[in-house]
Amino acid sequence: MKIDNSNAHIISSKKAYIHDDVLETLMFERNKKEISLNMIDYSSCKKYTIVYKNVIGFFMTSCDFWGESSRILDFELVDSNDSIITSKLFKYKNDNGFVDSSLENYNNYIETVITFVSGDKLEVACKCIVLEK
């Protein structure tokens, strides 16, 4: 399933439900601007991937605030008015006049947060997400 700005509301539905699933590995490929998450479905133990495409920025904590766990608590879409990564990057681009930047229209990007049972977060701003469950 492909998720982009036109259907991003899916993230809040059962179609993109990843609660209690386990993050096995995270890989960022700089040249492709992709983040791949190798996941395990908690209920079926089947492996699947989540691929963030055309990533413009991401941030992850790994502090085990609430205790160690690689299970997912929540997967949320960040409202465009509340975006942190996207708004910072566009402000930086505009304040510095970076005309060669690959950043395009602000509204072409989505920003998501995965919160782990540990209290850690993975925040990603990208053009689309491919969820292959």
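**Note on a predicted protein model**

1. In this protein, 61% of the contacts with a separation of 6 or more are between residues 24 or more positions apart. The model is a predicted one, and the points below should be read with that in mind.

2. As to overall dimensions, the C-alpha trace spans about 50 × 30 × 30 Å along its principal axes. The radius of gyration is 15 Å, which agrees with the value near 14 Å that a compact globule of 133 residues would have.

3. Of the 133 residues, 41% count as buried, while the accessible surface comes to about 7800 Å², with 50% of that area belonging to carbon and sulfur atoms. The charged side chains number 16 positive and 20 negative, and the centres of these two sets lie 5 Å apart.

4. The largest nonpolar core has 24 residues, and those with the most contacts inside it are Leu37, Ile50, Tyr52, Phe75, Ile114 and Ile129. At least two residues of this core come from each of strands E3 (34-40), E4 (47-53), E6 (72-77), E7 (110-116), E8 (121-126) and E9 (128-132). In soluble globular proteins, nonpolar side chains tend to be buried together.

Key
Residues numbered from 1 in each chain as written. Predicted model: local features only at pLDDT ≥ 70, side-chain atom pairs only at ≥ 80, totals over all residues. Heavy atoms only, no water. Rg over C-alpha atoms; globule rule 2.2 N^0.38 Å. Buried < 20%, exposed > 50% of the residue type's maximum accessible area, 1.4 Å probe, protein only. Contact = heavy atoms within 4.5 Å. Areas by Shrake-Rupley, 256 points an atom, 1.4 Å probe, with all protein chains shown as cover. Lys, Arg positive; Asp, Glu negative; His and termini not counted. Charge placed at Lys NZ, Arg CZ, Asp CG, Glu CD. Core = buried A, V, L, I, M, F, W, Y, C linked by side-chain atoms within 4.5 Å. Helix = DSSP H or I, 4+ residues; strand = E, 2+ residues; numbered from the N terminus.
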